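Open the model in your viewer and keep the selection tool at hand. We will go from stop to stop, and at each one I will say what to select and what is there.

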2 protein chains.
Amino acid sequence: MDNFTIVGQKIPKIDAPVKATGDALYIQDIKVSGMLHGKILYSKYPHARILKLDTSKAETLPGVRAVVTAADMPPNFRIGVMKDNPPLKSGKTKSIRDEIAAVAAISTEVAEEALSLIEVEYEELPGIFDPIEAMQEGATLIHEEVKSNILKMPWKLVCGDVETAKKDSAHIVEDTFSTQWVTHCCMGTSGCIAQLDASNNLTLYSNTQIPSLAQNDFIEALNAFGYKNRRVRIIQSVIGGGFGSKLDTYAYEYIAILLAIKTRKPVKIIFSREEEFFATSPRQCTITKISQGCDKEGRLTFREIEMILDNGAYTSWGATTPSVMMLPISSLYKVPNIKYVAKCVYTNNTYCQAMRGYGNPQATFAIESSLDQLAEKAGIDPLEFRIRNSNEPGEITPQRFKITSCGMKECIDEVAKRLAWKTKKEHKGNRGVGIASLIHVGGGARVYKSDGCGTIIKMDDFGKVDVFTGASDIGQGSDTVIAQIVAEVLGIPIEDVNVVNNDTDICPWDVGVHASRTTFVAGNAALGAAKKIREQILEAAGKLLEEEPSFLDIKNSIIYSTKDKEKSTPLGKALRKIHYTLGGKMLMAEYFYDPANENFDREFKGNLSVSYAYGAHGVEVEVDKETGQVKILNYIAAHDVGKPINPLLLEGQIYGGGLQGIGYALGEKMIYKNGRLMNGNFLDYKMPTVKDVPPVQAVIVETDEKDGPFGAKGIGEPGLVPTAPAIANAIYDAVGVRIKDLPITPEKILKALKEKQGRT
Amino acid sequence: MDNFTIVGQKIPKIDAPVKATGDALYIQDIKVSGMLHGKILYSKYPHARILKLDTSKAETLPGVRAVVTAADMPPNFRIGVMKDNPPLKSGKTKSIRDEIAAVAAISTEVAEEALSLIEVEYEELPGIFDPIEAMQEGATLIHEEVKSNILKMPWKLVCGDVETAKKDSAHIVEDTFSTQWVTHCCMGTSGCIAQLDASNNLTLYSNTQIPSLAQNDFIEALNAFGYKNRRVRIIQSVIGGGFGSKLDTYAYEYIAILLAIKTRKPVKIIFSREEEFFATSPRQCTITKISQGCDKEGRLTFREIEMILDNGAYTSWGATTPSVMMLPISSLYKVPNIKYVAKCVYTNNTYCQAMRGYGNPQATFAIESSLDQLAEKAGIDPLEFRIRNSNEPGEITPQRFKITSCGMKECIDEVAKRLAWKTKKEHKGNRGVGIASLIHVGGGARVYKSDGCGTIIKMDDFGKVDVFTGASDIGQGSDTVIAQIVAEVLGIPIEDVNVVNNDTDICPWDVGVHASRTTFVAGNAALGAAKKIREQILEAAGKLLEEEPSFLDIKNSIIYSTKDKEKSTPLGKALRKIHYTLGGKMLMAEYFYDPANENFDREFKGNLSVSYAYGAHGVEVEVDKETGQVKILNYIAAHDVGKPINPLLLEGQIYGGGLQGIGYALGEKMIYKNGRLMNGNFLDYKMPTVKDVPPVQAVIVETDEKDGPFGAKGIGEPGLVPTAPAIANAIYDAVGVRIKDLPITPEKILKALKEKQGRT
């Protein structure tokens with residue numbers, strides 16, 4: 001099984017035809033018989049007291065089937081990580097996206113008209129929109145029942161002794177970096193259809209990334225509604241992008257369920273693009289004070305970080321991103337002494353969510369920007385400085401990560417070579433080069449009690465297989481990777497593999513799409529099941545061909561002896577023989593893979609992932625000193641991916657991540673003014689488009705990850721992790737100004753250039 | 001596991017709520033995005049030459065998307081058991097249901113209008129509508145390329161030596177019996193939606209009874225259309241009755257596929273009630289010449305049967321019913337010497353299909369009518385005569401059936417007791433009693449190369465399970481029986497079992513719904529998978545509870561030690577422990593059950609089924625001599641069912657079968673006149689309705705079938721097998737006339753009474 005014919009090949013996505021022809025059914029496309037359409041009324045003010053809420057006019061509008069408010073929800077029913085978010089709000093509203101009423105009607109138009117007929121009287125209250133302000137003694141409490149605006153999430157990591165290390169350091173830098181809100185910009189907006197059957201079992205059509213966990217959430221919700229011990233089925237539509245945005249369950253889903261209960265009809269709620277902007281949860285913005293030191297030889301001595309995260313008014317997974325930030329903070333480069341404290345702070349802003357990288361880009365921006373400052377102070381070339389501190393295979397990091405495969409140095413070398421680092425460093429004009437590296441989980445991440453994924457495979461009489469995977473394909477291509485793995489093991493063409501990934505009634509449990517884990521975890525689950533099928537085939541074929549099964553192999557749907565050319569049979573023929581024999585059977589197998597990684601202990605230590613992904617991005621920029629405009633001349637994204645299963649999709653992940661990172665670095669920002677989003681549309685929100693794509697080279701650095709399926713590691717998120725600091729470092733190299741607050745806009749560069757000129 | 005809490009209980013069908021509320025999606029209800037509607041043009045004459053077929057006007061009708069004729073089908077593409085049936089006919093039409101063109105349009109109405117615009121010129125040809133006539137030398141050949149109207153199906157069974165037995169017999173009777181065409185009268189008419197994806201893989205929504213075999217048929221069809229090696233997925237809608245009518249693939253399905261290919265859109269074809277009557281395939285009509293003999297003590301010495309079956313113009317499974325007829329012919333009662341020859345004959349009539357009992361009712365009508373004649377000739381009470389010849393456990397019949405459990409005598413005893421046979425035999429007035437028995441397969445029937453069924457089970461963290469079964473629930477309640485078996489084994493409530501039965505992508509292979517095999521075969525498959533899950537649970541729970549797994553049991557979702565009351569844990573808690581442990585898993589299992597029965601050898605001998613079902617029906621009638629009207633005063637249906645898994649559904653099968661049998665006996669008949677159906681609607685076709693239901697007692701005679709799931713045997717078909725002869729015998733007992741031609745109409749009785757009067 002060493003000469004792979006399908007694994008390692010650039011195979012186009014198997015779902016490309018249905019998507020290209022328009023046959024793919026996104027949540028927008030799904031219609032259920034008798035379906036009603038729901039719309040949500042949001043608060044007019046980011047902070048206000050609701051004095052009156054009158055739905056009577058809306059209720060009498062023809063075509064309206066139900067109008068609901070907080071009074072229709074079970075009392076004290078709250079959602080979210082901290083259970084601080086009632087799906088429909090009463091009393092005080094705490095953010096501009098607070099849901100206060102909803103309508104189900106025969107059409108979206110009628111539902112919208114009904115919303116306009118709901119009469120609300122507010123008393124506007126002063127809001128808190130700055131986490132620093134919110135942290136002050138005596139600040140108005142966002143949640144009165146909670147005694148502080150600082151969340152009780154004890155994000156603190158201490159490794160070694162930072163204070164002593166400071167004393168022993170030859171060079172120390174300290175600075176503060178900040179990052180902005182950005183949003184996922186999924187082409188497919190959020191939506192769901194909630195449908196109850198006669199026995200009050202729930203089917204929820206959704207574009208969630210976490211079908212199994214969502215199922216649990218909605219079972220709890222049905223319990224709260226008084227429907228105990230009911231079945232919940234999640235059917236995932238084709239998903240037009242996730243990036244973390246669909247990693248939680250949301251108010252609109254619970255509202256759809258409530259409306260379905262009230263009307264006894266299926267209710268569909270689909271977000272408009274405007275809602276997708278202001279009523280979904282962006283990447284958390286951060287303020288990071290960082291100090292790092294090194295010895296005379298440029299070896300890192302310590303890293304100390306204090307971080308403030310704006311949590312917004314409610315709590316979703318955004319608040320837990322510090323757990324992943326700890327990964328680069330403790331383990332990006334060899335740093336013996338670490339101290340990290342993070343505070344998440346309630347404000348009247350929008351609340352935040354997971355987004356590709358899950359905090360890693362924010363942390364890495366601070367670390368890698370600061371690292372350049374330190375290298376400069378130590379008088380060492382920043383690339384050389386990184387090589388000197390690079391991670392290595394076999395290392396156990398201060399946070400107790402066990403580094404197995406590690407191609408970090410190789411990635412840095414690739415950047416140096418392809419960017420012609422040494423030549424370019426002697427830059428002329430306004431050009432400069434920058435580099436930044438990354439570490440990320442690459443072999444699952446045990447953040448839940450299980451990090452597992454199940455797979456079931458059945459094979460028909462002609463050698464075609466159906467694979468039921470827990471994995472969700474949210475556009476990243478997991479179906480294709482899983483199909484490749486199964487096809488490779490079974491020696492069949494990829495066309496003969498059908499992947500079923502969208503129904504909790506059918507697909508085994510999986511913790512969800514996060515942490516770049518799908519290829520690794522779901523891939524290993526598929527591999528395990530496929531191997532069981534292969535074993536059954538070879539054992540039976542051994543009898544048919546009178547050959548030791550260990551000498552048999554399967555390629556191109558032919559079973560053959562590797563010893564004796566005369567011994568071979570078409571796979572389908574053998575399968576029919578197995579089936580059509582008395583006491584025969586068709587081949588089926590199940591496998592559940594849960595990686596041998598560890599939950600953090602109380603000190604946030606433990607081997608979170610079975611393997612770690614590395615990479616280094618290098619960039620050459622040209623800065624226009626008149627306009628502040630940054631032009632990316634060359635972009636090298638080198639990634640240690642283990643062994644690539646599908647270089648085409650892998651490069652796609654790197655290109656996509658890189659571009660998303662470039663947007664993060666240079667342009668994207670959700671502009672909130674006193675809690676209100678000012679640019680909630682694609683015209684004003686500056687997402688890079690095809691004309692902004694710079695020349696990006698995706699460089700695959702192969703290592704062999706012993707636990708990975710065919711040696712592979714995860715690659716979903718890393719592409720955007722080091723982008724912003726690499727660009728920031730290049731800009732500094734080009735024109736001598738360091739922008740510490742993302743995004744790096746021309747205005748900020750011009751302002752910094754002006755200030756610098758003033759100083760000189 | 002001996003005190004069953006769910007198996008053996010009268011549990012309502014688990015699909016009752018969705019059906020009662022109208023939420024169930026029958027094929028009529030299913031809509032696929034972009035779907036067109038197809039309609040078929042049938043031949044105007046039962047036998048005609050098509051001189052001209054002009055579709056040009058139809059093609060230009062607005063809303064028409066495609067018009068197809070035989071010219072659009074792959075040349076020489078034929079369907080059916082003998083591959084004698086082109087889905088679209090050209091040249092000569094051979095029956096009134098011959099499909100000659102079809103239309104796909106934006107609505108059924110437009111499609112129908114288009115049909116009326118198709119111009120056909122015919123030259124009507126004389127037809128052959130009588131199989132006897134068709135068998136004559138020189139008769140016009142229905143299929144010119146086949147040299148004879150008698151099908152090359154060598155139905156012949158010889159056991160022992162009938163000629164010698166005749167000489168040794170004390171009494172011999174000989175007579176001829178005939179049966180009519182009846183149709184299945186499914187409440188859900190036939191229909192399908194054919195949908196091709198961009199890669200020309202086919203999804204067919206259908207109410208077929210044979211998803212796995214249909215999949216094979218359509219793979220072959222795609223091959224014929226030039227789409228090699230494509231995937232075919234059969235999605236079964238909720239099915240409103242099958243009774244054998246959906247045991248084959250049909251022209252309309254291939255036409256829908258052709259129209260989908262032509263239009264590149266999904267195409268739906270739904271039969272109107274009129275089409276369901278004339279264009280689906282009824283139970284084959286038969287002419288049976290039977291001779292039986294016995295010795296002085298009334299022990300059967302031989303049975304000799306010659307049978308002619310009207311095959312109609314094409315060949316579906318109806319032509320193979322003699323294979324099942326052999327079962328009662330060789331093995332109903334102990335008969336040492338058997339000879340049976342059957343001929344299926346092409347005519348210009350409608351072609352025939354499987355229907356509940358698959359020939360057994362036709363054969364049993366002749367056998368059991370003739371048996372009463374023989375008993376009378378021997379001077380023995382007919383019930384006593386049957387007891388004397390009754391089958392017994394341990395018997396090996398002349399056709400080599402191995403009788404395991406057998407409650408035939410007990411069934412006859414129940415009839416005698418409940419009908420007060422002895423008292424009633426001394427009848428007064430125009431009342432009479434009759435009895436007839438049955439043998440049928442009760443443990444699968446190996447008519448295909450595999451008689452197997454696969455099951456996959458997965459269990460969630462709360463003890464709820466999803467069961468993917470190959471079995472199709474066509475209304476008979478298999479989902480409920482499977483759920484009961486799984487719930488019993490796993491000690492969970494039936495509400496926690498979800499049965500998925502409708503999708504070849506998901507469900508393992510199964511040969512289809514026929515031969516009363518589902519409870520036995522699919523039940524055993526579900527049992528096997530559930531036991532594997534149970535084993536995993538108890539092994540893990542043994543570790544948790546520190547107890548030997550063999551001492552553990554599960555009831556009401558609690559795992560407990562049968563030895564130590566202190567040791568117990570809720571099932572869900574244990575499952576979460578199993579899952580949320582490092583290297584944990586969720587529970588999945590697969591199982592394929594193929595019974596150890598045998599295909600017939602070339603002499604049609606072999607143990608077709610693992611077990612056999614028995615029963616006896618007794619009936620008391622009153623015949624109105626003025627009108628010929630038969631009133632059923634009392635009806636006893638005693639059935640040996642092994643152990644009942646769900647007495648409620650089991651009784652439902654007996655009631656339903658009994659009533660269908662009563663319709664067969666007394667009223668139902670498709671009246672064909674020169675190949676044209678005269679009564680193709682529910683007004684003229686006399687199906688019994690609720691007001692015709694006599695007092696039926698379903699009597700369950702328990703035996704213990706060692707190979708059955710929880711001791712059960714099949715019961716789907718037996719209910720209608722002995723009904724007609726029991727009634728015929730009772731009528732004879734009442735008024736002394738024997739009607740040998742079904743149905744037994746008042747006209748026939750009056751005529752017979754008149755003839756009898758004339759004779760005396």
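## Stop 1: a helix and the glycine after it

Select Gly736(B): this residue comes just after helix α18(B) and takes a positive phi of about 75 degrees. Helices here are DSSP runs of H or I with at least four residues, strands are runs of E with at least two, and both are numbered from the N terminus. Before moving on, note that this is a predicted model, in which local features need pLDDT of at least 70 and side-chain atom pairs count only at pLDDT 80 or more, while totals for chains, interfaces and linings use all residues. Residues are numbered from 1 along each chain as its sequence is written, and chains are lettered from A and ligands numbered from 1 in the order in which they are written.

Now extend the selection to residues 723-735 of chain B, which form α18. (The expected span is 1.5 Å times one less than the number of residues.) Is α18(B) enclosed or open? 13 of its 13 residues are buried, so the helix is largely enclosed by the rest of the structure. Buried means that 20 or more other C-beta atoms lie within 10 Å of the residue's own; exposed means 12 or fewer, partly exposed is in between, and C-beta atoms are placed from the backbone.

Go on along chain B to the peptide bond from Leu742(B) to Pro743(B), which is cis, with omega near -10 degrees. Pro743(B) sits in the loop between α18 and α19 (746-759). In chain A, a cis peptide bond likewise joins Leu742(A) and Pro743(A), with omega about -5 degrees.

## Stop 2: two phenylalanines in chain B

Select Phe243(B), in the loop between β11 (232-236) and α7 (251-263). Its phi is near 60 degrees, a positive value in a residue other than glycine. Phe243(B) is buried, with 27 other C-beta atoms within 10 Å.

Next pick Phe604(B), in the loop between β23 and β24 (612-623). Phe604(B) has a positive phi of about 60 degrees although it is not a glycine, and it is buried, with 20 other C-beta atoms within 10 Å.

## Stop 3: a threonine and a lysine

Thr469(B) belongs to strand β18 (residues 465-469) of chain B. It counts as buried, with 30 C-beta neighbours inside 10 Å. Leaving aside neighbours within four places in sequence, its contacts include Cys453(B), Ile482(B), Val499(B) and Ala522(B); contact means C-beta atoms, placed from the backbone, within 7 Å.

Is Lys402(B) buried or partly exposed? Lys402(B) is partly exposed, with 17 other C-beta atoms within 10 Å. You will find Lys402(B) in the loop between α11 (382-388) and α12 (408-418). Beyond its neighbours within four places in sequence, it is in contact with Ile396(B) and Asn607(B).

## Stop 4: where the chains meet

Show both chains. How many residues of chain B are in contact with chain A? 37 residues of chain B touch 37 residues of chain A. On the chain B side, α1 (16-21), β17 (453-459), β19 (497-500) and β23 (587-593) each supply at least two residues, and β23(B) gives the most, with 4 residues.

Superpose chain B on chain A: a rotation of 180 degrees with 0.0 Å of shift along its axis does it, at RMSD 0.0 Å. That is the relation of a two-fold axis. The same surface serves both copies, as 100% of the contact residues of chain B recur in chain A.

## Stop 5: chain A as a whole

Chain A has 19 helices and 28 strands, and buried residues make up 62% of its 760 residues. Its C-alpha atoms fill a box of roughly 85 × 75 × 45 Å along the principal axes.

Technical notes. Two residues are in contact if their C-beta atoms, placed from the backbone, lie within 7 Å. Copies are superposed by least squares on the C-alpha atoms of residues with pLDDT of at least 70 in both. The expected span of a helix is 1.5 Å times one less than its number of residues.
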